[in-house]
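The tour goes from a helix to a sheet, then to a cavity.

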Amino acid sequence: MSETRDRIGDTLLAVENVSLAFGGVRALSEVSFEIREHEILAIIGPNGAGKSSMLNVINGFYHPQDGAITYKGNKRKQMRPHHAAATGIARTFQNIALFKGMSTLDNIMTGRLLKMHRNFLWQALYWGPALREEMEHREAAERIIDFLEIQSIRKTPVGRLPYGLQKRVELGRALAAEPDLLLLDEPMAGMNVEEKEDMCRFILDVSDEFGTTIALIEHDMGVVMDISDRVIVLDYGRKIADGTPDEVRGNPAVIDAYLGVSH
Amino acid sequence: MLYREAGQFKTDYAADQAIFPILQDRIFLGLFLLLALVAVPLLANEYWLSTILIPFLVFSLAAIGLNLLTGYCGQLSLGTGGFMACGAFFAFKLATAFPDLHIAVVFLLAGVGTAGVGILFGIPSLRIKGFYLAVATLAAQFFLVWVFNKFPWWVNYSSSGVISAPAREIVPGFFITGTQASPVTKYVFLLVFVAILALVAKNLVRGKMGRSWMAIRDMDIAAEIVGIRPLHAKLSAFAISSFFIGIAGALWAFIYTGSVEALAFQIDRSFQVLFMIIIGGLGSILGSFLGAAFIVLLPIFLNNTMLAVDPSISTAIVSHIEFMIFGALIILFLIVEPHGLARLWQITKEKLRLWPFPY
Amino acid sequence: MTAPRAFLPWLIAVPVAIGSIGLLFQLLGGLVPSFFFAWGYYFEVLIAGLLQGVMYSLVALGFVLIFKASSIFNFAQGSMALFAALTMVGFMEMGVWWPFAFIISAGVMVLVAVVIERVVLRPLVNQDHIILFMATIGIFYILDGLGQMLWGSDVKVLDIGIPRDPMFALGAIFEGGILINQYDFVAALTGGVLVAVLAVFFQYTRTGRALRAVADDHQAALSVGIPLKTIWVIVWSVAGIVALVAGIIWGGKAGVQFSLALIALKALPVLILGGFTSIPGAIIGGLIIGAGEQVAEVFLGHFVGGAIQDWFAYMLALVFLVFRPQGLFGERIIERV
């Protein structure tokens, strides 16, 4: 891990004073933080603290009423999700959002769609440049399949897979896009200890091997403290702490938020 | 010969992604095509060709078209009849305005024109989904049929409102439209033409475009987040689907019936094609063929059976019973096997691979 | 997110639009001497359209009931109306007095509901909505085939003694008054009464409360012990009886025939306008579609060759969808991730 920490670079994405409300309900109030290159950042907080909303704002699904996001030096207020994907943001979901009617391989291949450029006339022929392109990306997809150790379920429709494997395929789809920033929404929710260990290993390997910047939401404090370089804590839509796992662990505001002491 | 893939090793991904990766399938398909291309024209009589095989091929193409949109991209359409009418009338105007244009080009251009219309009626799909969209496609259905029925320009001001396909050759000496055309030439042309288009459809669905469509179908929000533009994916599905359906409409008018009026493409036609893909299998090119065969053969079969049982039965009763059996079959398929005949075929093949062992 | 009353501008806009078309024609009539226009005639057309709209509303109403309680988009609502009307005519032809024929037909519709629940809905429970929708297309075919096989497919006359004399109204405002068919008037009245009865049923009875609970959340309703299957049978029965009323009124006007099932498809654009889950929406949507297409047909149709009634409702709905996809009264869907 210390090796990873050495690589941590400049700010990749900065969130400045972002506020988001649904009708009268405030989901986020003036949240600011930054995500630095190559780091693993954990976002924690009690239920309803606005963690998922934060991820949704970052990848363009929700549009904040206030504040701005600077990503790779470009300041923006909002964008469409497919635009976020095009600029290198990939994510997984709390409730698995796989394409249930498609095989594992096809799901992972959808992660590479943005990198495929042959027009539909070539695709209709499935020959020459189109076939070469398809094979190139198949190879890339196979590398991810090897990496995640899911070779045996390559051609299984994902709807038939058990929960833990679906989570893994979803990670595979996000990785297939070769993202610069990977957002993981509770990647270990509902998993048993063994599956959690596997998932932790994959996340750390992704960080080490590909140097991908990762922001994740997780409830399992053990996991969070083990794998993250930095932790930010949200409560009632506000940021109440930001620092290394050790700093955050000792922060009285965080302890209050989790134990439910008066605000 | 046993149906086994043991011993067949693939050394590259291209072989693994082939349409028929298993050797026995390729042999079977080869034999089947040989049979269809050589034996059928030699053996089949005119009745078989004109009332079964030719409509089967035309309907298969329409079913493939609708399946691309509904089965692969998940956008339910009830406007198939309207789009078929587009193809038929575009082809008629093209063929009569440019008599020197090769007939195959006419068909393709009619498809392109229909694709344009499809895009236009696909625009609402960006804001609405599911049932709302289905109703929106009804607008296409009623509006298009009205347009072709109302304005005599489309039928070159013929008083009957019927268009008759002008005689055209596919290669010199072989007419595929008009009265001189023999059913055998028609059939062989259709077989080749539809087979090529089916291959194109298959290539599209197993490539980038097909994956974007299926992603939109399975979960549109997630699709957007992996970078698929919904606008692009949905409109391309509408365009390509309409392209196929338009060509099917042109083939219907020019080759199957020879002459047609706009009212031949009313909403029952849309349902007929929809039934084909439900029974054949949503999201399957093979299913489109199976469904078309089923829907073309069933009425003939029912007719003959009912007449055999009671020769005095009236045609009205026969058609009402047909209606009921169609309806019941749709429900039965949806309950028993929502993935249709194509899925049954796949299950059979999986069983065959293991035969004689149960697992 | 939209404020809950955001449909109000639409409610005002549509009548204003209808009125301004009238103004436009008055202007046209003033400029082109050969063009005939009179406000009395315009309102006559408008009212005929509104009364036609009541029919659409009735079909749409049965549809909304089913959609609310089971999220099923029942494509067969129109053929249920046809089937019910055919059954009623069939019994009347046997010499049964019409109120008895009505009761028997209502019974038949309940039976149809029971069969549909057992044979179609129960095996398909928890399937995708689109699968259920396609199953209702199957029901559409079965009912059409069955109705015509049992009772024949020729056009039938259905007469339950509603007066058909034309009458003149509003003579004080328009010269010579406006011609209204009494039959249409009675039809509209019946429609109104039916809606009122349904509203009371939904709002104040135990079953009505259960229905609303099911409409909100199937799982939750099940968990508090509401029998889902019974509820479905009730809803389909009520929808069947509404279809019967619609079929009688409509059949009485134009004869009971196959085309009724297709005309009833126009209830679909009505729903788009009104929103799938709103009873007032179904009614107002029906009136707008009815009036809109009648006015368009009479005053605009001949510019483009006529018969624009075939598609006008659908195109209106299509245009509407682009601007307000959730309909006049439908709830806006907020997507969550």
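Select helix 2 (residues 51–58) of chain A. Helix 2 lies across strand 1, strand 2, strand 4 and strand 5 of chain A, and runs at about 65 degrees to strand 2 of chain A. Contact means heavy atoms within 4.5 Å. Axes are lines fitted to C-alpha atoms, for helices over the stretch in contact, with angles from 0 to 180 degrees between N-to-C directions. Helices (H or I, at least four residues) and strands (E, at least two) are DSSP runs, numbered from the N terminus.

This is a predicted model: local features need pLDDT of at least 70, side-chain atom pairs pLDDT 80 or more, while totals for chains, interfaces and linings use all residues. Residues count from 1 along each chain as written, chains are lettered from A, and side-chain values use heavy atoms, without hydrogens and water.

Now show the sheet. Its four strands are open, antiparallel and ordered 2-1-4-5 in chain A; pairing takes at least two DSSP bridges. Strand 2 (25–36) and strand 5 (74–76) of chain A are the edges, each with a single partner strand, so one side of each has no neighbour in the sheet.

Zoom to Ser19(A): it stands opposite Asp66(A) in strand 4 of chain A.

Last, select the lining of the largest cavity, including Met116(A), Tyr126(A), Asn203(B) and Lys208(B). A cavity is a set of points on a 1 Å grid over the protein atoms alone where a 1.4 Å probe fits but cannot get out; lining residues have an atom within 4 Å of a point. Helix 6 (residues 129–147) of chain A gives the largest share, four residues.

Methods:
On a 1 Å grid over the protein atoms alone, a cavity is a set of points where a 1.4 Å probe fits but cannot get out, and a pocket is an open set with protein on both sides within 12 Å along at least five of seven lines; lining residues have an atom within 4 Å of a point.
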